[in-house]
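Open the model in your viewer and keep the sequence panel beside it. The tour goes from one selection to the next and says what is found at each stop.

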Amino acid sequence: AEILYTACPRNVPHLNSVRRVRAPSQRLSALIEEVLGAHVGRTSRWMLFPGSESAALERALGEAGYRATMEHHGFVLPTGNLIDRQVPPEIVVRQVASREVLRDSAWVLQQAFDEAHAASEVQLDEELAQCSAPGTRVLRFVAYDSQTNQPMATGGLNQYPELSFGLFWGGGTVPDARGRGAYSALVATRPQKA
């Protein structure tokens with residue numbers, strides 16, 4: 001009840017992260033030590049949400065070597081106004097169904113966030129199988145410039161049909177392609193493909 005975190009043997013920050021902490025200040029050091037042990041040898045992240053932040057938590061994280069790196073924003077959107085949007089003709093959106101498109105998705109994320117998303121061939125096979133299996137909940141997409149075939153943006157969707165709910169994730173746009181509607185095309189396409 002005090003903490004929720006994920007741990008993965010791969011050095012992928014979002015898979016080695018703390019999602020929630022609800023603990024009194026006297027327990028913070030022990031919980032931070034537990035997380036450091038679970039994430040040893042990998043990049044470890046704590047996600048602080050409005051309301052979860054406290055001076056004691058921020059101080060304890062700083063003492064453990066954590067530093068603030070980036071700010072994310074989350075939004076809830078009704079899908080009704082997304083379904084009718086049209087993708088501009090200068091942008092083509094492809095669903096990840098091949099290694100080539102999956103590699104393009106990883107390249108976009110690397111460019112967008114200045115992070116390496118290198119994966120082994122086995123990991124690529126696993127991710128591709130996850131994205132392209134019949135009845136999958138996990139979909140990924142890449143937006144391309146229709147003239148140059150250059151990848152511009154990427155984004156994922158986890159779908160939960162029984163809940164009438166979907167979660168957008170892993171979205172980013174190559175810096176040089178920002179402001180051209182590539183990510184908007186992905187926002188329009190993802191609910192249509194669910």
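A residue is called buried when its relative accessible area is under 20%, and exposed when that area is over 50%. Keep in mind throughout that this is a predicted model.

**Stop 1: helix 4**

Select residues 99-113, which form helix 4. Color its buried residues: Val 101, Leu 102, Asp 104, Ser 105, Val 108, Leu 109 and Ala 112. Now look down the helix axis. Where do the buried residues fall? They lie within an arc of 155°, so they line one face of helix 4.

Next, show what packs against these buried residues: strand 4 (91-95), helix 5 (121-132), strand 5, strand 6 and strand 7 (165-173). Then move to Asp 114, which follows helix 4 and has a positive phi, near 55°.

**Stop 2: Gly 171**

Select Gly 171, in strand 7. Its relative accessibility is 27%; because this value lies between the 20% and 50% cut-offs, Gly 171 counts as partly exposed. How far is its C-alpha atom from that of Leu 109? The separation is 7.6 Å, although Gly 171 and Leu 109 are 62 residues apart along the chain. Leaving out residues up to four places away in sequence, Gly 171 touches Leu 109, Phe 113, Thr 154, Gly 155 and Tyr 183.

**Stop 3: Asn 158**

Go to strand 6 and pick Asn 158. Buried or exposed? Asn 158 has a relative accessible area of 17%, so it is buried. Show its side chain together with that of Trp 169: a polar contact of 2.7 Å joins the two. Apart from residues up to four places away in sequence, Asn 158 touches Arg 137, Val 138, Phe 165, Gly 166, Leu 167 and Trp 169.

**Stop 4**

In soluble globular proteins, nonpolar side chains tend to be buried together. The largest nonpolar core here has 13 residues, and those that touch the most other members are Ile 91, Ala 143, Met 152, Ala 153, Ala 182 and Leu 186. Strand 5 (138-145), strand 6 (151-160) and helix 6 (182-193) each give two or more residues to this core.

Select Ile 91 and display its surroundings. Beyond its neighbours within four places in sequence, Ile 91 is in contact with Ala 143, Tyr 144, Ser 146, Met 152, Arg 180, Gly 181, Ala 182 and Ala 185.

**Stop 5: helix 2**

Select helix 2, residues 55-63, where Leu 57, Ala 60 and Leu 61 are buried. These residues cover an arc of only 100° around the axis, which puts them on the same side of helix 2. The face turned away from that side carries the exposed residues Ala 55 and Glu 63. Among the elements covering the buried residues are strand 2 (17-21), helix 1 (28-38) and strand 3 (45-46). Just after helix 2, Gly 65 has a positive phi of about 100°.

**Stop 6**

Finally, select Cys 8 and Cys 131. Cys 8 is buried at 16% relative accessible area, and Cys 131 is buried at 2%. How many disulfides are counted? The count is zero.

Terms used. Residues are numbered from 1 along each chain as its sequence is written. This is a predicted model: local features need pLDDT of at least 70, side-chain atom pairs count only at pLDDT 80 or more; totals for chains, interfaces and linings use all residues. Side-chain values use heavy atoms; hydrogens and water are left out. A nonpolar core is a set of buried Ala, Val, Leu, Ile, Met, Phe, Trp, Tyr and Cys residues joined through side-chain atoms within 4.5 Å. Buried means under 20% relative accessible area, exposed over 50%, partly exposed in between (1.4 Å probe, protein chains only). Helices (H or I, at least four residues) and strands (E, at least two) are DSSP runs, numbered from the N terminus. Contact means heavy atoms within 4.5 Å. A disulfide is a pair of cysteine sulfur atoms within 2.5 Å. The expected span of a helix is 1.5 Å times one less than its number of residues. The arc is that of the directions from the helix axis to the C-beta atoms. A polar contact is a pair of N or O atoms within 3.5 Å; within protein, one must be able to donate a hydrogen and the other to accept it, and residues adjacent in sequence count only if both atoms are side-chain atoms.
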